[in-house]
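Open the model in your viewer and keep the selection tool at hand. The tour starts with the whole chain and then moves to individual elements.

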Amino acid sequence: LATTGHDAKTALRLAEEECTVRSDAFTLDTLAWAPRAAGRIQEAHLFSKQALAEGTQDARLFYHAAVIAAAIGQIKEAEGWFEKAATIPHMLLPSEREHLTKESAALQSQKSILTSSQSN
């Protein structure tokens, strides 16, 4: 639900309910991805950091962290997570790999614009 954006409110409620039962990296990642879909980016970033703190090596965790970091303007952080996700793309669905490529390119474009405006 959070990925497709069809019902962010329900996605958030379900993620919060699941977190009362378990709080592993994947549940915390879901709890990060759902608020992102609902526009609660700062909250998403906090849960993303918690999910990553466990040290699980998973492309989807890295991909989600990159998208969330990019959404709050943390370009260097987002670049690092995009790079980590790109090293294990076989763990992602084809649509996620495609989105990873697009989001990473958009981040590089954003970075170029910022760099250009700062040098003027």
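A residue counts as buried when its relative accessible area is under 20%. By that cut-off, 36% of the 120 residues in this chain are buried. The model is a predicted one.

Colour the chain by secondary structure. Among contacts with a separation of 6 or more, 55% join residues 24 or more positions apart.

Now select residues 59-71, which form helix α4. The distance from the first C-alpha of α4 to its last is 18 Å, close to the 18 Å expected for its 13 residues. How many of the 13 residues in α4 are buried? The count is 11, and the helix is mostly covered. Those buried include Phe62, Tyr63, His64 and Ile68.

Look at both ends of α4. At its start, a side-chain oxygen of Asp58 comes to within 2.9 Å of the backbone nitrogen of Arg60. Just after the helix, select Gly73, where phi is positive at about 85°.

Finally, go to residues 94-119, helix α6, and pick Gln108 there. Gln108 is partly exposed, with a relative accessible area of 36%. Its side chain makes a polar contact with the side chain of Glu79, at 3.0 Å.

Technical notes
Residues numbered from 1 in each chain as written. Predicted model: local features only at pLDDT ≥ 70, side-chain atom pairs only at ≥ 80, totals over all residues. Heavy atoms only, no water. Helix = DSSP H or I, 4+ residues; strand = E, 2+ residues; numbered from the N terminus. Buried < 20%, exposed > 50% of the residue type's maximum accessible area, 1.4 Å probe, protein only. Polar contact = N/O pair within 3.5 Å; in protein donor to acceptor, adjacent residues only side chain to side chain. Expected span 1.5 Å × (residues − 1). Contact = heavy atoms within 4.5 Å.
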